[in-house]
Amino acid sequence: MQNFSKEQFLMYVKNKEDSDDYYADAYDHLVLEKKWFYWNWGAAFFSFYWLLYRRMYFEAFVLAVLAAFLIVFIASVGCVINFALV
């Protein structure tokens, strides 16, 4: 990020339809203030829906498959442990 000037960065990321200074503020936040970490509560608590909203369909699919696998795995381990204790 530091190899690019603010104008080059804005030319790369900004659409012609953008009238606000969202990307300019993001550049200032990242480069000038040296804050490289963003936190998104929506992504943290509603990951699957956030991924769909951001049109990251493959990542949402992978997350759903992993969640289903974890549910099945935890349930099967619980059954095995329960059966072993009886």
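**Entry 1**

A helix here is a DSSP run of H or I with at least four residues, and helices are numbered from the N terminus. I need that before I can say which helix gives what. I also note that I am looking at a predicted model.

**Entry 1: the overall layout**

I started with the whole chain. I found five helices and zero strands in the protein. Going along the sequence, I wrote the pattern down as α-α-α-α-α. Then I looked up how much is tucked away: 13% of the 86 residues count as buried. The accessible surface is about 7800 Å², and 67% of that belongs to carbon and sulfur atoms. I also checked contacts between residues at least 6 apart in sequence, and 16% of those join residues at least 24 apart.

**Entry 2: helix α2**

Which residues of α2 are buried? I looked through residues 22–32 and listed Ala24, Ala26, Tyr27, Asp28, His29, Leu30 and Val31. These buried residues pack against α1, which covers 6–13.

Asp28 sits in helix α2. Its relative accessibility is 18%, and the cut-off for buried is under 20%, so Asp28 counts as buried. Setting aside neighbours within four places in sequence, I found Asp28 in contact with Lys6 and Glu33.

Just past the end of α2 I checked Lys34, which takes a positive phi of about 55 degrees.

**Entry 3: the nonpolar patch**

Next I turned to the surface. A nonpolar patch there is made of Phe37, Trp39, Trp41, Phe45, Phe46, Phe48, Tyr49, Leu52, Tyr57 and Leu63. Together these residues have about 1200 Å² of accessible area.

Which helix supplies the largest share of the patch? The helix is α4, with three residues. I noted that α3, α4 (47–53) and α5 (57–85) each give at least two residues to the patch.

Leu52 lies in helix α4. Its relative accessibility is 31%, which lands between the 20% and 50% cut-offs, so Leu52 counts as partly exposed.

**Entry 4: ring pairs**

I then looked at Phe48 with Tyr49. Their centres are 5.5 Å apart with 75 degrees between the planes, so this pair is edge-to-face, as angles over 60 are. Phe48 has a relative accessible area of 33% and is partly exposed. Tyr49, at 58%, counts as exposed.

**Entry 5: where I ended up**

My notes on this one come down to two spots. One is the set of buried residues in α2 that pack against α1. The other is the nonpolar patch on the surface, where α4 gives the largest share.

Note on methods: Residues numbered from 1 in each chain as written. Predicted model: local features only at pLDDT ≥ 70, side-chain atom pairs only at ≥ 80, totals over all residues. Heavy atoms only, no water. Phe/Tyr/Trp six-rings, centres within 6.5 Å; stacked < 30°, edge-to-face > 60°. Buried < 20%, exposed > 50% of the residue type's maximum accessible area, 1.4 Å probe, protein only. Patch = residues over 30% accessible without salt bridge, like charges linked within 9 Å, V, L, I, M, F, W, Y side chains within 5 Å. Areas by Shrake-Rupley, 256 points an atom, 1.4 Å probe, with all protein chains shown as cover. Salt bridge = Lys/Arg side-chain N within 4 Å of Asp/Glu carboxyl O. Contact = heavy atoms within 4.5 Å.
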